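The exercises below are to be worked with the sequence and the model side by side.

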Amino acid sequence: MEYFLPSDRFSAAPMVDVTTPAFRRAARIFTKKATLYTEMIAAQAIVHGKLSLLEFAPEEMPLVLQLGGSEPQMLAKAAREGEKAGFAAINLNAGCPSDKVQSGDFGAVMMKDPAHLAACVAAMQDAVSIPVTVKTRIGVDDLDTEEFTRSFIGAVYSTGCRHVVIHARKAWLNGLSPKENRSVPPLDYPRVYRLKELFPDLHVTINGGITTIGQCKEHLCHVDGVMLGRALVDNPYIMACVDSEIFGDGSAVKSREQILDEAMELASRFKSEGQPFRRLGQHFLNLFASCPGSRRYRQYLSSHMGDDDGARVLADAYARMKSVPERE
Ligand SMILES: Cc1cc2nc3c(=O)[nH]c(=O)nc-3n(C[C@H](O)[C@H](O)[C@H](O)COP(=O)(O)O)c2cc1C
């Protein structure tokens, strides 16, 4: 049984309204090697027949389906559908602090009942033969001691699960918004490193606040994988270095211009598929982040998202960026 995909050394975090199929196809221009995730998908929606949520293009692989849910049999059925649809692994969300998620009793609140969390993981594992993994945090509310982290990760480990993704801060469910929950509780990377020492055969992916390839390399001296979320939105070009710098595959790092050319080809494919350019274009808004003229590129692109010919819009946005002498 394979527990940890080689591609898990670097992964793009699941993000609702971000890691859509369009994001994932865009991401593949930058990196062929990294693991990509779906947005969180409610197990209930899948079980109630919304199988279109599981569609993806072959180029998106290796791709992990992230499920939200707290009912073991429901999760097991959804995991089975995910395996049938061809996902590389199934991940359970036990770290998301949004109100919507809490009212369904899933996400971060699941840390409060480790035995039930373990029952969910066990049911999913019984249902599929691909890896079942868990994305969580180091604690929740007042359950935030290191002892607690160890014991609830121990409960997950006891099911046979051998890969956890840990956002290295706790979730504070009463009082902080989901956005605040991604920045206010302090990061504690050493606690995640110590978990890896305590469970040497548990594959540990660290997440939270990582913004550079250099930081990824440092973390990889302590844990098995790194996962980046917001940094890839703010500066997607980080992903261009991943295959050579993190996976050491010997490939040349593409320039931003090469990426733009491939983005234009992808935009043409989107057009021929009848998909609106906006879906794709938004993922290239920050391609030139911090380059001279990037503001003009971004402004042009964002104000032409509704246009039909996305390849043309990208080319024109680039021309705007280059046309005026730089004083930025
Ligand atoms: C807009 C947005 C949506 C998110 N949606 C999910 C989600 O669906 N599932 C999940 O496990 N985490 C979700 N997260 C949390 C991220 O996966 C990640 O754990 C968090 O942003 C911390 O990593 P970062 O500092 O690299 O962004 C979301 C984060 C953002 C910013």
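**Exercise 1.** With the side chain of which residue does the side chain of Asn91 make a polar contact?

*Solution.* The model is a predicted one, in which local features need pLDDT of at least 70 and side-chain atom pairs count only at pLDDT 80 or more, whereas totals for chains, interfaces and linings use all residues. Residues are numbered from 1 along each chain as its sequence is written, and side-chain values use heavy atoms, with hydrogens and water left out.

Begin with the position: Asn91 lies in strand S4, where helices (H or I, at least four residues) and strands (E, at least two) are DSSP runs numbered from the N terminus. Next take the accessibility: Asn91 has a relative accessible area of 0% and is therefore buried, the classes being buried under 20%, exposed over 50% and partly exposed in between, with a 1.4 Å probe and protein chains only. Then list the contacts (heavy atoms within 4.5 Å): leaving out residues up to four places away in sequence, Asn91 touches Tyr37, Val64, Leu65, Gln66, Leu67, Thr133, Val134, Lys135 and Val165. The side chain of Asn91 makes its polar contact with the side chain of Thr133, at 2.8 Å; such a contact is a pair of N or O atoms within 3.5 Å, of which, within protein, one must be able to donate a hydrogen and the other to accept it, and residues adjacent in sequence count only if both atoms are side-chain atoms. Finally, Asn91 and Leu65 are 26 residues apart in sequence, yet their C-alpha atoms are 6.0 Å apart.

**Exercise 2.** Determine whether Lys170 is buried or exposed, and find the backbone oxygen that lies 2.8 Å from a polar atom of its side chain.

*Solution.* Lys170 is placed in the loop between strand S6 (163-167) and H7. Its relative accessible area is 18%, so Lys170 is buried. Beyond its neighbours within four places in sequence, Lys170 is in contact with Arg137, Ile138, Gly139, Val140, Asp141, Asp144, Asn181 and Pro185. The backbone oxygen in question belongs to Asp141. Asp141 itself is found in the loop between S5 and helix H6 (146-157), and at 10% relative accessibility it counts as buried.

**Exercise 3.** How many of the ten residues of helix H1 are buried, and against which elements do the buried residues pack?

*Solution.* Helix H1 (residues 21-30) is mostly covered, with nine of its ten residues buried. Among them are Phe23, Arg24, Arg25, Arg28 and Phe30. The packing partners are strand S1 (10-12), S2, S3, helix H10 (242-245), helix H11 (256-272) and helix H12 (277-281).

**Exercise 4.** Describe the surroundings of Arg194.

*Solution.* Arg194 lies in helix H7 (residues 189-198), and with a relative accessible area of 31% it is partly exposed. Apart from its neighbours within four places in sequence, Arg194 is in contact with Glu146 and Arg150. The C-alpha atoms of Arg194 and Glu146, 48 residues apart along the chain, are separated by 9.5 Å.
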